[in-house]
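Here are my notes from a look through this one. Have the structure open as you read, and go point by point.

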Amino acid sequence: MTFKTFIDKKNLTQNGYLTKLRNGKYSLDKRTTIKYTTGQKPPNSLSKPIPARFSKFYEYYLEIKGVNRIIELELSKRKLLKSLPYDKKERTAESIKENKVKISNEYGLFKVVEFLNEK
């Protein structure tokens, strides 16, 4: 984990801890946030109470060496391609289609970053 400055979905600059998942010219980082939800008492004696709980959320970030920006990746093909540099968009889209990569999970992001680092 390293403390870095990054840009989130809302184009706000934030500081936080990121975990390095893949390294290279294009690096993939992961941020874990945990939200606490308080429990609630039942409104009447026939219903059950809602217990307190912790929920984990994951965000993925792409760091491009030489650009000095870390941007958040959204887990959709269209939004991922939009955040890539212009010269990499077309070949990456072809690779995703050929290899049938699903961007909705972490493994799919690994494949995309590996492809970007190869070329």
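1. First, the lining of the largest pocket. By class, this lining has 8 charged residues, 2 polar ones and 2 nonpolar ones. Keep in mind that this is a predicted model.

2. As for who they are: the lining includes I7, D8, K9 and N11, then R69, I71, E72 and E74, and R78, K79, K82 and S83 complete the list. Two elements each give two or more residues to the lining, namely β5 (69-73) and α1 (77-83). The top contributor is α1, with 4 residues. The space inside the pocket comes to about 250 Å³.

3. For background, most residues other than glycine have a negative phi. N11 sits in the loop between β1 (2-7) and β2 (13-22). Its relative accessibility is 61%, so N11 counts as exposed.

4. You'll find K100 in the loop between α2 (86-99) and α3. K100 counts as exposed because its relative accessibility is 70%, and the cut-off for exposed is over 50%.

5. Now the inside. The largest nonpolar core has 18 residues, and those with the most contacts inside it are L28, L62, I96, I103 and V112. Elements giving two or more residues to this core are β3 (26-37), β4 (53-64), β5, α1 and α3 (106-118). Of these, α3 gives the most, with 5 residues. As a general point, nonpolar side chains tend to be buried together in soluble globular proteins.

6. What does V112 touch, not counting residues up to four places away in sequence? The answer is L80, T92, I96, V101 and I103. I96 and I103 are also among the residues with the most contacts inside the core.

7. Is T92 buried or exposed? T92 has 2% relative accessibility, so it counts as buried; the limit for buried is under 20%. T92 belongs to helix α2. Leaving aside neighbours within four places in sequence, T92 is in contact with L81, L84, V112, F115 and L116. As a threonine, T92 falls in the polar class, yet V112, one of its contacts, is among the residues with the most contacts inside the nonpolar core.

Methods
Residues are numbered from 1 along each chain as its sequence is written. This is a predicted model: local features need pLDDT of at least 70, side-chain atom pairs count only at pLDDT 80 or more; totals for chains, interfaces and linings use all residues. Side-chain values use heavy atoms; hydrogens and water are left out. On a 1 Å grid over the protein atoms alone, a cavity is a set of points where a 1.4 Å probe fits but cannot get out, and a pocket is an open set with protein on both sides within 12 Å along at least five of seven lines; lining residues have an atom within 4 Å of a point. Grid points are joined across faces, edges and corners, and a volume is the space filled by probe spheres set on the points. A nonpolar core is a set of buried Ala, Val, Leu, Ile, Met, Phe, Trp, Tyr and Cys residues joined through side-chain atoms within 4.5 Å. Buried means under 20% relative accessible area, exposed over 50%, partly exposed in between (1.4 Å probe, protein chains only). Contact means heavy atoms within 4.5 Å.
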